[in-house]
Amino acid sequence: MADERYAFVVVSNRLPVDRVVDEDGTATWNQSPGGLVTALEPVMRDADGAWVGWAGLPDAAVAPFTHDRIRVIPIALSEYEIENYYEGFSNDTIWPLYHDVIAPPTYHRDWWDSYVEVNQRFADAAASVAQDGATVWVQDYQLQLVPKMLRIARPDLLIGFFNHIPFPAYGLFSQLPWRNQIIDGLLGADVVGFQRVSDAGNFSRAARRLLGYATTSPYIEVPASDSSPTRRVVARSFPISIDAAAFEALARTPEVQARALQIREELGNPRVVMLGVDRLDYTKGIGHRLKAFGELLEDGRVQVDDVTLVQIASPSRERVETYKHLRDEIELTVGRINGDFGTTAHQAVKYLHQGFPREEMAALYLAADVMLVTALRDGMNLVAKEYVAARFDEDGVLVLSEFAGAADELITSLRINPHDIDGLKDAIMRAIAMPQPERAERMRAMRAKVRENDVAHWSRDFLHALAHVHDGSGSNSQSDPDSDPDGDPLGDLEWTVERPGKR
Ligand code: G6P
């Protein structure tokens, strides 16, 4: 690895490939289903790129290799580091804190020490493979210290950072004992990207209040230090997306369409199929969704032989205590609803604690009359965008939490506050009863948005901003995040209220 040098380096906690061990013990690598790799693959190929990340297993010292024309540079994490850096600080401190403390964050000094150490390892690896003046793009909350560490080691680099999850309001962020170090770490980047305008605003405010830096949206002025002269960092939103065309193409295949019909049959051909698809995470509001559905059954507003809810909950972070509790809670609730309202012929909730391949997901989306995205807080929520991309038939109704980043763009969804159970129940009833012309009109508008802002657009936009950060044309000044603390342009609200005469 010593003499490998690349012009474009992506750094993320997980690699774009998963290690799969066959029955005979041979290990191979499969591309992960995530959208990030799809987005960056063309850039990687054109720019002679490398990807630095963790292989997802303890103590796996794997030598760099090439997979599908991407140079993969694995970082080893020990069992201790998985517990302290990954499960601990990343997923039991930052994750709950950045998702508005839906679950209480835990602050442990040992976890922080491990986070610093592992971030340094990622930074060292990236620094050693980046050629002179290379572009390095660091991804997500697990690696917030890497930009500053890289800048100290390699001031010649162009450094970008993108936060895939929300950035919390100052009142919450300020709980973090290491808040100044995090802001300082992120400000090592030339461009710090966020999902929503409000996230960028929260970050700028934190930089101003904690470190006293001057901010004029989208810029943050970082004063000179030992490691660097005065710098002007861009902090703005770049809403991430999916490969919409590829998802639509998949949904259009005869196999997927046949499978969608088969799914409905397997469910006993209910009049209405509702669908939830989430990682089993407390940020997703699965409990709120089940409560609303359970009450609708109880109130007699829906009947079990008429409406079925399919809930896919893919296993996630299963060793973290909060996730274990969540699983117990959700499975208890599902069991109760099915016990109270099911019949020998019909189950109210079809619950699957499993991950599925893309083909099956596309079929589920096509089979679902109503898609329920009820996140209590979510950076973007790509499931909402996948549902829209899959619906080439311009049918289906998306019920979407206003606390998911996707709500800023998908303004013709039925936007809901998941904490308002009565409001959620009414939105579900409205979705079930929505006339076809209104469904089509809303879906068409959302599809245009998802097509236009796909994942290639996202990465192009970010890399363009990064490449032009020093000539001022990369700022692409958006509405001032400070003037719009909720990131919810008022005009958008129009769509959530009934418009007289509109059908
Ligand atoms: C979120 C994060 C990603 C993360 C993914 C899965 O989408 O933004 O960075 O990779 O969840 O979580 P995991 O802990 O399994 O990597």
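This report walks through a predicted model, from its strands to its ligand and its aromatic rings.

Residues are numbered from 1 along each chain as its sequence is written, and side-chain values use heavy atoms, with hydrogens and water left out. Because the model is predicted, local features need pLDDT of at least 70 and side-chain atom pairs count only at pLDDT 80 or more, while totals for chains, interfaces and linings use all residues.

## The sheet and a hairpin

Let us start with the strands. Helices (H or I, at least four residues) and strands (E, at least two) are DSSP runs, numbered from the N terminus. Two strands pair if DSSP finds at least two bridges between them.

In what order do the ten strands of the open sheet lie? The order is β5-β6-β4-β1-β7-β8-β9-β12-β11-β10, and the pairing is mixed. At the edges are β5 (65–67) and β10, each of which pairs on one side only. Strand β5 meets strand β6 (residues 70–77) in the antiparallel sense, over three bridges. Look for Thr-66 there: its bridge partner in β6 is Arg-71. In a regular strand the side chains alternate between the two faces of the sheet.

Now turn to strands β2 (residues 17–21) and β3 (residues 27–31), which run antiparallel and are joined by five bridges. Arg-19 stands opposite Trp-29 in β3. The two strands β2 and β3 form a hairpin with five residues between them. In that turn, Gly-25 has a positive phi of about 90 degrees.

## Around the ligand

A residue is near a molecule if one of its heavy atoms lies within 4 Å of it. Which residues surround the ligand? They are Arg-14, Tyr-86, Asn-91, Trp-95, Asp-140, Tyr-141, Gln-142, His-164, Ile-165, Arg-279 and Arg-317. Helix α2 (residues 79–98) gives the largest share of this shell, three residues. Sorted by class, the shell has four nonpolar, three polar and four charged residues. Here Ala, Val, Leu, Ile, Met, Phe, Trp, Tyr, Cys and Pro count as nonpolar, Asp, Glu, Lys and Arg as charged, and the others, Gly among them, as polar.

| Residue | Distance to a ligand oxygen atom |
|---|---|
| Arg-14 | 2.6 Å |
| Tyr-86 | 2.5 Å |
| Gln-142 | 3.2 Å |

On its own, the ligand has 380 Å² of accessible area, and the protein covers 70% of that. Accessible areas come from the Shrake-Rupley method with a 1.4 Å probe; for residues, only the protein chains shown count as cover.

Arg-317 is found in the loop between β14 and α11, and it has a positive phi of about 45 degrees although it is not a glycine. Is Arg-317 buried or exposed? Arg-317 is buried, because its relative accessible area is 16% (buried means under 20%, exposed over 50%, partly exposed in between, with a 1.4 Å probe and protein chains only). Ser-316 sits in the loop between β14 (307–314) and α11 and is also buried, at 11%. The side chains of Ser-316 and Arg-279 are joined by a polar contact of 2.9 Å (a pair of N or O atoms within 3.5 Å; within protein, one must be able to donate a hydrogen and the other to accept it, and residues adjacent in sequence count only if both atoms are side-chain atoms).

## Aromatic rings

Rings of Phe, Tyr and Trp (its six-membered ring) pair if their centres lie within 6.5 Å; planes under 30 degrees apart count as stacked, over 60 as edge-to-face and the rest as tilted. By this rule there are 24 aromatic pairs. Why do Trp-112 and Trp-178 count as stacked? Their ring centres are 5.3 Å apart and their planes lie at 10 degrees, so the pair is stacked. This pair links distant parts of the chain, 66 residues apart: Trp-112 lies in helix α3 (residues 109–129), and Trp-178 in the loop between α5 (170–173) and α6 (179–186). Trp-112 is buried, with a relative accessible area of 9%, and Trp-178 is buried at 9%.

## Backbone details

The peptide bond from Ser-217 to Pro-218 is cis, with omega near 5 degrees. Pro-218 is in the loop between β10 (215–216) and β11 (219–222). Asp-100, in the loop between α2 and α3, has a positive phi of about 55 degrees although it is not a glycine.
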